[in-house]
Amino acid sequence: MVRMYFNPSVTHPLREEEPNRAPRDFHRRLPGYAPTPLIPVPQLAAKVGVGQVWVKDESNRLGLPSFKILGAWWATYQMLLRLFGQHLEPWSSLQELSKKLQPLRPLKLIAATDGNHGRAVARIAALLGFASRIFVPSNTSPARIDAIASEGAEVVVVDGSYEAALSQ
């Protein structure tokens with residue numbers, strides 16, 4: 001038997017409305033997209049006294065070790081639609097989308113990050129044939145900076161915190 005508990009003081013709009021399927025439909029067109037694998041963890045379920053525990057495995061999302069690329073892709077695409085209009089649709093492959101974006105070149109994607117988001121934006125830029133500039137705070141680990149640079153981004157280290165990088 002499945003039991004669900006809801007906090008009565010929190011509104012749950014998705015109970016009454018269908019969720020927006022546009023982001024999922026968009027991501028399904030990207031190469032390498034797959035639903036998030038759910039891994040059963042029966043030992044943990046037994047330990048905490050519940051029937052089942054499942055863990056979302058986001059260790060490989062569209063070729064990166066983080067779910068951040070999903071949001072970065074969706075935000076980038078929404079901005080491209082604003083710049084280019086609905087003329088981007090329809091497309092069925094990344095190559096087809098990239099060809100439709102040709103009139104926007106040269107274009108540079110810019111982001112601030114302290115890790116995975118910036119790498120995702122840099123990967124998207126490279127896949128679309130754009131340049132990228134990623135601002136990172138000075139306390140960002142060299143491994144993260146190298147990972148972002150490995151995607152072809154220009155990495156700019158900013159003195160200060162993430163907020164300082166964001167203000168650039």
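**Figure 1. The lining of the largest pocket in this predicted model draws on α3 (68-84), β3 and α5 (116-128), each of which supplies at least two residues.** Helices (H or I, at least four residues) and strands (E, at least two) are DSSP runs, numbered from the N terminus. A pocket is defined on a 1 Å grid over the protein atoms alone as an open set of points with protein on both sides within 12 Å along at least five of seven lines, and lining residues have an atom within 4 Å of a point. The volume of the largest pocket is about 220 Å³, a volume being the space filled by probe spheres set on the points, with grid points joined across faces, edges and corners. Among the 13 lining residues, T76, M79, L109, I110 and V121 are the closest to the centre of the pocket. Helix α3 gives the largest share of this lining, six residues. By class, the lining of the largest pocket has ten nonpolar, two polar and one charged residues; Ala, Val, Leu, Ile, Met, Phe, Trp, Tyr, Cys and Pro count as nonpolar, Asp, Glu, Lys and Arg as charged, and the others, Gly among them, as polar.

The model is predicted: local features need pLDDT of at least 70, side-chain atom pairs count only at pLDDT 80 or more, and totals for chains, interfaces and linings use all residues. Residues are numbered from 1 along each chain as its sequence is written, and side-chain values use heavy atoms, without hydrogens and water.

**Figure 2. Three strands form an open sheet in the order β3-β4-β5, with parallel pairing.** Two strands pair if DSSP finds at least two bridges between them. Strands β3 (108-112) and β5 stand at the edges with a single partner strand each, so one side of each has no neighbour in the sheet. Five bridges join β3 to β4, and L109 has S132 in β4 as its bridge partner.

**Figure 3. Helix α6 (residues 142-149) lies on the path of the chain from β4 to β5.** Strand β4 (residues 131-137) runs parallel to β5 (residues 154-158), and five bridges join the two. In this pair, R133 stands opposite E154 of β5. The β-α-β crossover through α6 is right-handed: with the strands pointing away from the viewer, the path from the first strand over the helix to the second runs clockwise.

**Figure 4. The structure holds one cavity of 30 Å³ or more.** A cavity is a set of grid points where a 1.4 Å probe fits but cannot get out. Its lining consists of L64, P65, S66, N116 and R119, which divide into two nonpolar, two polar and one charged.
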